[in-house]
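Visitor: I have not looked at this one before. Can you walk me through it?
Guide: Go ahead and ask as we look.
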Amino acid sequence: MKAVVTRVTEASVTIEETIHGKIETGFLVLLGVGPDDTEEDAMKLADKVCGVRVFEDESGKMNRNLEQVNGELLVVSQFTLYADLKSRRPGFSGAAKPDAALPLYERFMSACMDRGFHVEHGEFGADMKVASVNDGPVTLLFDTRG
């Protein structure tokens, strides 16, 4: 699994002119699922994302995690993280098919909720408009294969 995680002061996802999910302080998570990913990958990624310490402490150092700042997550499916960019027109055959990807997308979110976090989300496979106010900016790349 791959994720682009951005520390935000607010983020939202809109589908057909309606806000579908919205958070304040926390992480915007663009989540991609590969064809060989498993439930174990979803759990491993949830642990990493929920535990990473990138929020500032009283000394201005990135030393706090999501729990310590009462943060939330906005999770948006993003098959394009598995794009093949060898040519000018990306190919997406490296992404998991929807029937395999959707359960792992949902498992990642439920793993975050099981850890006590409020999770908002987009709609798998929908045309979405994502807005965010990046904080820092701090953006991290996670990959369970590397």
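Visitor: Where does Glu 17 lie?
Guide: Glu 17 is in the loop that runs between β1 and β2 (18-23). Keep in mind that this is a predicted model.
Visitor: Is Glu 17 buried or exposed?
Guide: Glu 17 has 80% relative accessibility, so it counts as exposed, the cut-off being over 50%. Its phi is near 70°, a positive value in a residue other than glycine.
Visitor: Which other residue has a positive phi although it is not a glycine?
Guide: Asn 70 has one, with a phi of about 55°. Asn 70 sits in the loop between β5 (62-64) and β6, and with a relative accessible area of 68% Asn 70 is exposed.
Visitor: New topic. Which residues does a cis peptide bond join?
Guide: Gly 136 and Pro 137 are joined that way, with omega about -5°. Pro 137 is part of strand β8 and counts as exposed at 63% relative accessibility.
Visitor: How far is Pro 137 from Leu 74, going by C-alpha atoms, and what separates them along the chain?
Guide: Their C-alpha atoms are separated by 17 Å, and the two residues are 63 residues apart along the chain.
Visitor: Let's go inside. Which residues touch the most other members of the largest nonpolar core?
Guide: That core has 30 residues, and Phe 27, Val 29, Leu 31, Val 49, Leu 73, Val 75 and Phe 108 touch the most other members. At least two residues each come from β1 (2-15), β3, α1 (39-51), β6, α2 and β8 (129-143). The largest share of this core is from α2, with seven residues.
Visitor: Why would nonpolar side chains be together like that?
Guide: As a general matter, nonpolar side chains in soluble globular proteins tend to be buried together.
Visitor: Take Leu 31. What is Leu 31 in contact with, leaving aside its neighbours within four places in sequence?
Guide: Its contacts include Met 1, Leu 45, Val 75, Tyr 105 and Phe 108. There is also a second, separate core of nine residues, with Val 13, Leu 28, Leu 74 and Met 128 among them.
Visitor: How many aromatic pairs are there?
Guide: A search of the whole structure finds three aromatic pairs. One of them is Phe 27 with Phe 55: the ring centres are 5.2 Å apart and the planes are at 35°, so the pair is tilted. Phe 27 belongs to strand β3 and Phe 55 to strand β4 (residues 55-56), so this pair links distant parts of the chain, 28 residues apart.
Visitor: Are those two buried or exposed?
Guide: Phe 27 counts as buried at 1% relative accessibility, and Phe 55 is buried with a relative accessible area of 5%.
Visitor: What about Tyr 105 and Phe 124?
Guide: Their ring centres are 5.6 Å apart with the planes at 55°, so that pair is tilted. Tyr 105 is in helix α2 and Phe 124 is in the loop between β7 (119-121) and β8, so the pair ties together parts 19 residues apart in sequence. Tyr 105 counts as buried at 3% relative accessibility, whereas Phe 124 is partly exposed, at 28%.
Visitor: Last one. What lines the largest pocket?
Guide: The lining has 21 residues, and Ser 77, Gln 78, Phe 79, Thr 80 and Gly 125 lie nearest the centre. Two or more residues each come from β3 (26-32), β6 (72-77) and α2 (98-114), and β3 gives the most, three. By class, the lining has 14 nonpolar, five polar and two charged residues. The space in this pocket is about 380 Å³.

Definitions and conventions
Residues are numbered from 1 along each chain as its sequence is written. Side-chain values use heavy atoms; hydrogens and water are left out. On a 1 Å grid over the protein atoms alone, a cavity is a set of points where a 1.4 Å probe fits but cannot get out, and a pocket is an open set with protein on both sides within 12 Å along at least five of seven lines; lining residues have an atom within 4 Å of a point. Grid points are joined across faces, edges and corners, and a volume is the space filled by probe spheres set on the points. Helices (H or I, at least four residues) and strands (E, at least two) are DSSP runs, numbered from the N terminus. Ala, Val, Leu, Ile, Met, Phe, Trp, Tyr, Cys and Pro count as nonpolar, Asp, Glu, Lys and Arg as charged, and the others, Gly among them, as polar. A nonpolar core is a set of buried Ala, Val, Leu, Ile, Met, Phe, Trp, Tyr and Cys residues joined through side-chain atoms within 4.5 Å. Buried means under 20% relative accessible area, exposed over 50%, partly exposed in between (1.4 Å probe, protein chains only). Contact means heavy atoms within 4.5 Å. Rings of Phe, Tyr and Trp (its six-membered ring) pair if their centres lie within 6.5 Å; planes under 30 degrees apart count as stacked, over 60 as edge-to-face and the rest as tilted.
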